[in-house]
Amino acid sequence: MVKIMLDPGHDINTPGKRTLDGSMREFEFNKATALHVVNLLSNYHDVEAVLSHDLYDGIDTSLTARANLANQLRVDCVVSIHANAGASSARGIETYIHTNAPDRTYNLARMVHDQTIIATGMVNRGVKRADFAILRETNMDALLIECGFMTNSDDLVLLKSDDYRIKCARGIVNGLVQFYGLNKKAAPVTSLSPSVVYEAHIEGIGWQGVKRNGETAGTTGQSRRLEALTVRLENTNARLQMEGHIEDLDWTNERTNGEVLGTMGVALRLEAIKIKADGLNITYRVHIENTGWTDWKKNGEEAGTTGQAKRIEAIEIKLG
Ligand SMILES: [Zn+2]
């Protein structure tokens, strides 16, 4: 099992890290691209993606805390995702490894960088070395990719678009697949009727593999926390809306298609969940520690418990 930490640089409130006109914060790009990487990696066997910090708490987690988490979780590599700033004429993608990084790290960075250049068609600024904290303080292969310049008007248009973010994520994933020799999961049987697709991140297991239309995601009777969840709808334009209640953190903000709900690697319980999508009936139930399956809930009703310190261990979601 290859464990990969995605580190979306900065946070939403980090001072300075935004475009000159204030129209985009760097974190918006970093976070969206990292989540695309997490989703794309879920299509491969024997790989687990973890995030370096809570993306929704509005706190700029220190570089040392991020590095400490990577060291504590003994991940195989850290991929830090950023957008650049510089002269207004500067364009393109550059990737950094630590000044003293070994050949192995260089080879990983080279593959991720080259694949991202191929996927995006961007100006190639090469693989460089620098004494950045996230590269210095992590004990494993670590790279930092600057995916374009917020200070260049052409790059900025790209950095703001989801299409470009997906291309960057695809390139990063292609490099990781090449370096680690990851194998793709068999394509799921596709149907043209609306379906719900979801994946759970389980304590001690990681991302468990994609489930759909009522299949059980998670475990029962193993006393393992369901720590995070992604849900998306297929073959429908209905917009998914999901909220979760996390131990000590209250209800989260709304998540939509494919966004990660919950936390990974920080040992917090997901305790309750609400899911809805206008124009579709969504039905779901959760398996609670020591209690078993709840009744089926639907269209935004609360499934689970709050304030009772009971974890969700598994979930089933279906349409209709
Ligand atoms: Zn940055």
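## Burial and the pairing of strand 11

A residue is taken as buried if 20 or more other C-beta atoms lie within 10 Å of its own. In this predicted model, seven of the nine residues of strand 11, which spans residues 226-234, are buried in that sense, so the strand is largely enclosed by the rest of the structure.

Strand 11 pairs with strand 7 (residues 195-202) in the antiparallel sense, over eight bridges, and within this pairing Thr-230 of strand 11 is the bridge partner of Glu-199. Strand 11 also pairs with strand 14 (residues 260-262), again in the antiparallel sense and over three bridges, where Ala-228 has Gly-262 of strand 14 as its bridge partner.

Six strands form an open sheet of mixed pairing, in the order 2-1-3-6-4-5. Strand 2 and strand 5 are the edge strands, each of them pairing on one side only, and neighbouring strands of the sheet are turned against each other by 20 degrees on average, direction ignored.

How much of strand 2 (residues 47-51) is buried, although strand 2 is an edge strand? Five of its five residues are buried, so strand 2 is largely enclosed by the rest of the structure. In a regular strand the side chains alternate between the two faces of the sheet. In strand 2, Val-47, Ala-49 and Leu-51 point one way while Glu-48 and Val-50 point the other way, and all of these residues are buried.

Strand 2 is joined to strand 1 (residues 2-8) by five bridges, and the two strands run parallel. Within strand 2, Ala-49 is the bridge partner of Ile-4, and Val-50 stands opposite Met-5. The chain passes from strand 1 through helix 1 (residues 26-41) to strand 2, a β-α-β crossover that is right-handed.

Helix 3, which covers residues 103-120, has 18 residues and reaches 25 Å from its first C-alpha to its last, close to the 26 Å expected at 1.5 Å a residue. Just after helix 3, Gly-121 takes a positive phi of about 70 degrees.

An α-helix has 3.6 residues a turn, so residues three or four places apart point the same way. The buried residues of helix 3 are Thr-105, Leu-108, Ala-109, Met-111, Val-112, His-113, Gln-115 and Thr-116. Against which elements do the buried residues of helix 3 pack? They pack against strand 3 (77-84), strand 4 (93-98), strand 5 (124-130), strand 6 (141-149) and helix 6 (162-180).

The axes of helix 3 and helix 6 come within 7 Å and cross at roughly 145 degrees, and this crossing is right-handed. Among the residues of helix 3 that meet helix 6 are Leu-108, Met-111, Val-112, Gln-115 and Thr-116, and the residues they face on the helix 6 side include Tyr-164, Cys-168, Ile-172, Leu-176 and Phe-179.

## Two loop residues with positive phi

Asp-46 lies in the loop between helix 1 and strand 2, and its phi is near 60 degrees, a positive value in a residue other than glycine. Is Asp-46 buried or exposed? It has 12 other C-beta atoms within 10 Å and is exposed, because the cut-off for an exposed residue is 12 or fewer.

Asn-290 is placed in the loop between strand 16 (282-288) and strand 17 (292-293). Although Asn-290 is not a glycine, it has a positive phi of about 65 degrees, and with 9 C-beta neighbours inside 10 Å it counts as exposed.

## Lys-318 in strand 20

Lys-318 belongs to strand 20 (residues 312-319), and with 17 C-beta neighbours inside 10 Å it counts as partly exposed. The C-alpha atoms of Lys-318 and Val-197 are separated by 8.9 Å, while the two residues are 121 residues apart along the chain.

Which residues is Lys-318 in contact with, leaving aside its neighbours within four places in sequence? They are Val-196, Asn-213, Gly-214 and Thr-283.

Terms used. Residues are numbered from 1 along each chain as its sequence is written. This is a predicted model: local features need pLDDT of at least 70, side-chain atom pairs count only at pLDDT 80 or more; totals for chains, interfaces and linings use all residues. Helices (H or I, at least four residues) and strands (E, at least two) are DSSP runs, numbered from the N terminus. Two strands pair if DSSP finds at least two bridges between them. A crossover is right-handed if, with the strands pointing away from the viewer, the path from the first strand over the helix to the second runs clockwise. The expected span of a helix is 1.5 Å times one less than its number of residues. Two residues are in contact if their C-beta atoms, placed from the backbone, lie within 7 Å. Axes are lines fitted to C-alpha atoms, for helices over the stretch in contact, and angles run from 0 to 180 degrees between N-to-C directions. A crossing is left-handed if the near helix is turned anticlockwise from the far one by less than a right angle, and right-handed if clockwise.
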